[in-house]
Amino acid sequence: MAIVDLTFNSRLPMQVVPPDWPGNNYWWHWLFFTVVLIAFVLMMVMGAIYIERRGLGRMQSRLGPNRTGPFGLLQPVADAVKVLLKENIVPDSADKVVHWLAPVVAFAPVVMIFAVVPFQNGALLADLNIGILYIVAISSVSTVGVFMAGWSSGNKYSLLGAMRNMAAVVSYELPLVLSIVGVVLAAGSLSLNQIVLTQNIPFILLQPLGFLIFFAAACAEINRSPFDLMEADSEIVAGFHTEYSGMKFAMFYLVEYAEAIAMSAIITTLFLGGWRGPWLPPWLWFIIKTLIVFFVMVWTRTTLPRVRIDQLMALAWKFLLPLALINLFITAIQVLVWPQALPWLAVIINIAVMFVLVIIWSRLFRLGWGRVEV
Amino acid sequence: MTVALSSREIVSQLGGKFPGAVAEAGKDSVLVKGDALTQVARYLKETDGLKFEYLNYITAVDYYSYFEVVYQLTSLDHNRSVILKTRCYGRANPSLPSLTGLWQGADFQEREIYDLMGIKFEGHPNLKRIFLWEGFEGYPLRKDWNR
Amino acid sequence: MTTEQLMTLKTEPFVVNIGPVHPSTHGVYRMRVTLDGEVVLDIEPVFGYLHRGIEKLAEERTYTGFIPLTDRLDYMSAMSNNLGYCLAVEKLAGIKVPERAEYLRVIIAELQRIANHCIAVGAMLNDAGAFFTPFLYLFREREKIYDLFEMLCGQRLTYNYMRIGGVGQDIPAEFLPALAKFIQKIRRFISEYEFFLKQNEILLARAKGVGVLPKELAINCGISGPVARASGIKWDLRKADPYSIYDRFEFDIPTGENGDCYDRYRVRIEEMTQSLRIIEQASKQIPGGPIRADVPHLIRPPAGEVYAHIEAPKGELGFYIVSDNSIAPYRCHVRPTSLINLAALRQMVRGWKVADLIIIFGSIDITMGEVDR
């Protein structure tokens, strides 16, 4: 199979981190990166919480938090302390073991996603050569945790929220994975480090339709607006985490933001060129790009109202999935049959195709009615 | 301008159709007997030329010796209104026929009158207390209610 | 299980309780909803959480002393309640209100209508899920109206401004220029707001065709206000049965065609624009003179009964007062706009999903103070 060699341009001044850095033993590498990862996730989550609340506030023509620390920068710390000091209430009719286990099952996979995301050339916990497949597999485990939470609460609302969540996540796996496959075809490898290395032009230009589909599907997977009906707090109070309080609630809160950061990191790696960029150190570029993508997610949350569950499913199956298939088809043709069109001609063709497809499809597809005869 | 239909016109029409129904005709209101209420209301609602299809409100007043229930009907097409009244004598168990068959809007308002005044409406699909809780004793809006 | 068995899988409906404390129900309103999966089969509303016995209290207060209680009825648009009550007592006692007071009343009532629709539209969009952003934008405009009202009477929510025979205090000198500036700004704001939301795909999908109220059902239930006008009933008390001096102003009555949530939303936005027209005309024509008729505070209307209604922002608000020539009303009944507007809720909601139930309920725009009194 002809793999396109996009690495012909080797303007790569970044040093490659050997896979057993810092010591000459794998275990030092593992220890170092484990600590870095956990610290990174927690710090980024705090930064994400701050960006969200402040950004949301400014976009709603009000100030966000600005009292705790300069510019409200210590607000996440205040939130964390508050949540830690709260009483841990477990409802009587709850299934105690499952109730306790659910936040753990929801949170652990999210941190594990970062094991294969490159911060620098080669700087990752494990350079798996099936990187992106590992990510897709792991991120689905978190949904099991959500369902456990909804079920064990003994509350009809929670169950409703958990069911909605399951339906949505399962539906949106398909467009997500298909848009990833488009990127994989263009890059020629499943390993995330390789994908970044082959991005001399960021894949957002080469796969614009893939980017849009991935963004929409990622927002749905992580329950963010406009698909946040799993925790629609004007309908079913808080969905699956209604009955949680104290540290367990903090875990779910963390899960939500950590997943958002994880998806932003994946989007950065797959579409925006990961750690590549001029003069700043590469890991700083990575963080900046991740936060920019996260900011776009906050932006859509502020702006758009929520879709209903059946509209959500219709959007996944009837809108995103066919578009993802067509995108894959076109990418495959470009990579296999017409490799000399890459890269710039393909960019122009793909952007044109994206506009045409999105406009035609949105005319044909209506987020319809949904009244059931009772 | 919503003209309050003068009671004389109504009374003459009603007197023809339902003899004995109209007990009294005030300045702009018509007093009918309790048992003729449904027929008169239906007549007012459905006859061409009258077409009082819009029920503004139902309320009840406690005049110690009787309860007076007041209905106001409006005709949107002709822009006219009429006030219909009935009386229930006796304080122990006053009751009237319900008009929920004719106007769905009477549902909640009749429940409110039952809740606060104690007038029962026969034929009401769901005559329960609406504002006060089940098991509340007494009818607060009556004049002889002491808490 | 075979395919046939799966296709006819028996599901059991279950009853869920929504409210009374809930982030989206407009006040303390409780519904027992029978659901089959996500589809709403039936709802049973439970009222009474805010019942304060205002009608009984009226019999113990003087006529003037009841005006603050009317504020608390529909607390989102308190001036309109004041106006309705004062009109009823004036009709009973045959009091003529001076011209300046009439104009002031009209300006204030229309400002109150704009403020009320700000909340109504904002709350409906909040229920649709647009996480407070449109709600806060509209609240910014309502704050400007609060500032104007604070200039008049010092209060921001429960004004107690109208009196029997006129208004309580005269307007300060800076009111009319501030009003003119406000009208300019809010005109631009409403058109900007429309631009954001009118063609928003998700809002159209959530609100168009959802919760249709057919015209015949609306008439049968006695529904009034923007809800009725969105269903196609061209009935506005300011034109059909003009009270105060509304017959001197030119304005249109926006109506909808389908009676769905989207039409109710659009009718309210259009009504805000029409209210601005009335305010402009009134503020140009306002004369000088006294602001209250010469009536005693402890007023004793002659014995009799009266019903007077106004077009409050939520619908037809009426007061039925029976007087026996004493200083307190014998009976004062408030025609509860919101309670009557809820009469058709069951038919509007059946067959839709839980998310639609919330948005339909939000689009009717009720205030529990008026429902429960």
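This is a predicted model: local features need pLDDT of at least 70, side-chain atom pairs count only at pLDDT 80 or more; totals for chains, interfaces and linings use all residues.
**Stop 1: chain A**

Followed along the sequence, the pattern is accordingly written α-α-α-α-α-α-α-α-α-α-α-α. Chain A has 374 residues, of which 45% are buried. Consider next the contacts in chain A with a separation of 6 or more: 79% of them are made by residues 24 or more positions apart.

**Stop 2: chain C**

Now select chain C, where 16 helices and eight strands are found. The C-alpha trace of chain C spans about 85 × 45 × 35 Å along its principal axes. How does the radius of gyration of chain C agree with that of a compact globule? A compact globule of 373 residues would have a radius of gyration near 21 Å, and chain C, with 22 Å, agrees with this. Buried residues amount to 53% of the 373 residues of chain C. Of the contacts in chain C between residues at least 6 apart in sequence, 71% join residues at least 24 apart.

**Stop 3: where chain C touches chain B**

Finally, display chains B and C together. Their contact takes 27 residues from chain C and 23 residues from chain B. To view the side of chain C that touches chain B, select helix 2 (54–58), helix 9 (215–221), strand 7 (315–323), strand 8 (331–335) and helix 13 (337–341) of chain C; each of these elements gives two or more residues to that side. Coloured by residue class, this side of chain C shows 14 nonpolar, seven polar and six charged residues.

Notes. Residues are numbered from 1 along each chain as its sequence is written. Chains are lettered from A and ligands numbered from 1 in the order in which they are written. Two residues are in contact if their C-beta atoms, placed from the backbone, lie within 7 Å. Helices (H or I, at least four residues) and strands (E, at least two) are DSSP runs, numbered from the N terminus. Ala, Val, Leu, Ile, Met, Phe, Trp, Tyr, Cys and Pro count as nonpolar, Asp, Glu, Lys and Arg as charged, and the others, Gly among them, as polar. A residue is buried if 20 or more other C-beta atoms lie within 10 Å of its own, exposed if 12 or fewer, and partly exposed in between; C-beta atoms are placed from the backbone. The radius of gyration is taken over C-alpha atoms; the globule rule is 2.2 Å times the number of residues to the power 0.38.
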